[in-house]
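I opened this entry to keep track of what I looked up, part by part. Here is the structure I worked from.

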Amino acid sequence: MKIGLFVPCYVDQFYPKVAIATYELLQKLGCDVSFPMKQTCCGQPMANSGYEHLSKDCDANFIANFAEFDYVVSPSGSCTLHVKDHLHDEKNEQLALQIRKRVYELTEFITDILKIEKIEGNFPHRVGLHQSCHGQRMLHLSQMSELNAPFFSKPEQLLSGIKGLELVSLSKKDECCGFGGTFCVTEEAISAKMGQDRVKDHENQHVEYITGYDMSCLMHLEGTLKRQKSPIKIIHIAEILNGMKN
Amino acid sequence: METKIIEHSKAAEIFIKDEKRTDWHNETLWFVREKRDKAAFQIADWELLRETASQIKNNVLSNMHQYLIDFETNAKNNGIIVHWAANADEHNKIVHSIMEKHGVTQMVKSKSMLTEECHLNEYLTEKGIDVIDSDLGERIVQLRKEAPSHIVLPAIHLKKADVSETFHKFLGTEKGNNDPKYLTEAARQHLRDTFLSRKIALTGVNFAIAETGEFVVCTNEGNADMGVHLADVHIACMGFEKIIPQRKHLAVFLRLLARSATGQPITTYSSHFKKPGDGKEIHLVIVDNGRSTQLGREDFRSSLKCIRCGACMNTCPVYRRSGGHSYHNAVAGPIGSILAPNLDMSKNADLPFASTLCGSCTNVCPVKIDIHVQLYKWRQKLVKEGYTPKSKTLMMKGMSAVLSNPMIFNLAGKMGRFVLDKMPGLVSNSFNPWYKQREMPAPPEESFREWYQKNSTASKDKNHEQ
Ligand code: SF4
């Protein structure tokens, strides 16, 4: 089983430690994983801004990099979703559709494909879990608060094996953080306010860390926390699962 | 009342300046969302109910033509006078002509978002007709010369003190008395005279039943009944999408509507109208106003399933923090943002972008409209048809060039990290909207791919071989 590691462009450039943790974690779990060097961006920033037609080159590049793998795994719900929903290939649409089916977000890949229920580790901290919208409502990584349906949560399930980790419950358990791609600059006022409100909810629970499965939301929350000079830290779930020492 | 349109992002920025009020608005609507959750989760089959409603409405959309003909025939047989209006202007003219025919210059009106959409009040006022809105919330905003900010809770943007101030000014209530009981009583007295004196009452329509030619109006205040029963002429206005096939389908929709809207099991009044009383008239105005165009847009058709419960607004994190008026459209919030561009793309090109595409709206919607998907699709359409600023298109083209080419991407990434590290002032300044209220990420020394080249198992193996 050959696994291609798909690292969102901003993670590659700004949060390499998240990609490293993902890479190491998958290796520890026995996967044959590699990172195709010519990958760039999935095209989501353009597509969500209404310029899906400009993401053709990104699509072509994605396919060139990932066509050979049995699975493509990414530490980001929203980039995974974008590929799953919108990857096209003008010359070989069938191929694009096949690749779409092989793309997985990291936590769902671990629970659903590797069939691992929890991961042992140690992280003695109070932690708030940010439910990123695309991962939650569209990839169904966990149950959303809108539906009258049974609870489940793939990330929480994985975290349940981490010793000392105390997961808090939030007053708005799955409210959007306000990042929203280019929304964060085009609707700056609302976006920033949403980030501040989200941070406050975690603060009220006295968390030491905010974790999640989508670095873009975490980057937004981190930018907000830092501006407020808050001691709360951001950590991607892959870093916790990979047994971060601190 | 043609006012200059302020773009959503600008209007939101102004709204948010009063942070306390924004927080209050946010929490008030969230409270309604939580009430909705409680009511919905008491019904074990809630999701099945939503699915059923969605399917019934899908059937209606596919057979609209026939249902409308059936409805008209049956309504006429019941003695209802049916009018068809192709657009807002025709609708307004029809309503006015009925008033003229009866020589009446005063009207009492219960809640109808359609008449807001058609700007009926302005039209009639210009013709010298005195219109009084009898829904309490609508009356409050009417006195203030504002538009409703929410389809179910028209005055939700106002606090008790604002209402007290308004009533003091227009109804002569005691200044500074914010007691809701006192204020409601004052409104009741004020409206009582209206109800008693008006000969013509106008209502909206929540459901029109094709099978029987009946229609149902849902209110909590009983003001629709009060107006209609005391008047000689009842004018009911509906967008043609209000059709449902059979009376039994009400059982599905009435259970969903109030629970989704306010968390009540059912609206206090669900008034059924079938035929006019002796010596009275019922006029029904069926309005298109862009609906058939929307019905023809495959991607956006299902927006016509909407039953106007407002749940998508209450849950929307953007709506809760920007207020209904920021959407500059009769219907605000997520549903307004997918309906408005159909009416006028250039005026409403900003609305589909006033969302993070979080998808909460889609999942509270009792008729399962895929609102966030349609927001995404409207974005594509608006861009293709040239309704976005040139500067944005240029920026996107630039981004696409950088992000799709591995070499340029690496170079740009290096430069970006270099700039952030050595010359942070270049990005961390007031021209960068991100930086206004948020810090930029700290640039790491190397990108992941640089790390990978040195440290991956594959590259290590290679190094060993050498
Ligand atoms: S779109 Fe759905 S949730 Fe929104 S008002 Fe209409 S029916 Fe209610």
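My notes follow, grouped by region.

I am working with a predicted model. I kept that in view for every entry.

**Chain A against chain B**

I began with the contact between the two chains. How many residues does each chain bring to the contact? Chain A gives 72 residues, and chain B gives 81 residues. I then looked up the area. About 6500 Å² is buried between chain A and chain B. Carbon and sulfur atoms account for 60% of that area. I also asked which three residues of chain A supply more of its buried area than any other three. They are Gln13(A), Asn148(A) and Arg227(A), with 11% of what chain A buries against chain B.

The rule finds 10 salt bridges across the interface of chain A and chain B. I noted one pair by name: Glu188(A) and Lys436(B) meet through their side chains in a salt bridge, at 3.5 Å from N to O. For polar contacts, I found 35 residue pairs across the interface of chain A and chain B, with both residues at pLDDT 80 or more.

Which helix of chain A gives the most to the side that touches chain B? I have it as helix H11, residues 188-204, with nine residues. By class, the side of chain A that touches chain B holds 33 nonpolar, 24 polar and 15 charged residues.

**Two domains in chain A**

I moved on to the inside of chain A. The domain assignment gives chain A a domain 1 at 2-113 and a domain 2 at 121-241. Taken over C-alpha atoms, the centres of these two domains are 22 Å apart. In the contact between them, 25 residues of domain 1 of chain A meet 21 residues of domain 2 of chain A.

The area buried between domain 1 and domain 2 of chain A is about 2000 Å². Carbon and sulfur atoms give 67% of this area. Which residues of domain 1 of chain A lose the most area to domain 2 of chain A? I noted Tyr15(A), Leu81(A) and Thr107(A), together 26% of what that side buries.

I count two salt bridges between domain 1 and domain 2 of chain A. I also looked up the salt bridge of Asp112(A) with Lys154(A), where the closest N and O atoms are 2.8 Å apart. Eight residue pairs are in polar contact between domain 1 and domain 2 of chain A, both residues at pLDDT 80 or more.

H7(A) has the largest share, six residues. I sorted this side of domain 1 of chain A by class and got 10 nonpolar, 10 polar and five charged residues.

**Two domains in chain B**

Chain B is divided into domain 1 (43-289) and domain 2 (403-462). I looked up the distance between their centres over C-alpha atoms, and it is 57 Å.

**Positive phi in chain A**

I then checked backbone angles. Most residues other than glycine have a negative phi. Lys115(A) has a positive phi of about 55° although it is not a glycine. I placed Lys115(A) in the loop between helix H7 (106-113) and strand E5 (121-122) of chain A. Is Lys115(A) buried or exposed? It counts as exposed, because its relative accessibility is 64%.

His206(A) also went into the notebook. Its phi is positive, about 55°, and it is not a glycine. His206(A) sits in the loop between H11 and strand E9 (209-212) of chain A. At a relative accessible area of 60%, His206(A) is exposed.

**Thr262 of chain B**

My last stop was Thr262(B). I found it in helix H12 (residues 250-262) of chain B. Thr262(B) counts as buried because its relative accessibility is 12%, and the cut-off for buried is under 20%.

What does Thr262(B) contact, leaving aside its neighbours within four places in sequence? I listed Val32(B), Lys35(B) and Val152(B). Thr262(B) and Glu34(B) are 228 residues apart in sequence, yet 9.2 Å apart in space from C-alpha to C-alpha. I also noted a polar contact between the side chains of Thr262(B) and Gln264(B), at 2.5 Å.

Technical notes
Residues numbered from 1 in each chain as written. Chains lettered and ligands numbered in written order. Predicted model: local features only at pLDDT ≥ 70, side-chain atom pairs only at ≥ 80, totals over all residues. Heavy atoms only, no water. Contact = heavy atoms within 4.5 Å. Buried area = accessible area lost by both parts, 1.4 Å probe. Salt bridge = Lys/Arg side-chain N within 4 Å of Asp/Glu carboxyl O. Polar contact = N/O pair within 3.5 Å; in protein donor to acceptor, adjacent residues only side chain to side chain. Helix = DSSP H or I, 4+ residues; strand = E, 2+ residues; numbered from the N terminus. Nonpolar A, V, L, I, M, F, W, Y, C, P; charged D, E, K, R; others polar. Buried < 20%, exposed > 50% of the residue type's maximum accessible area, 1.4 Å probe, protein only. Domains from an automatic or database assignment.
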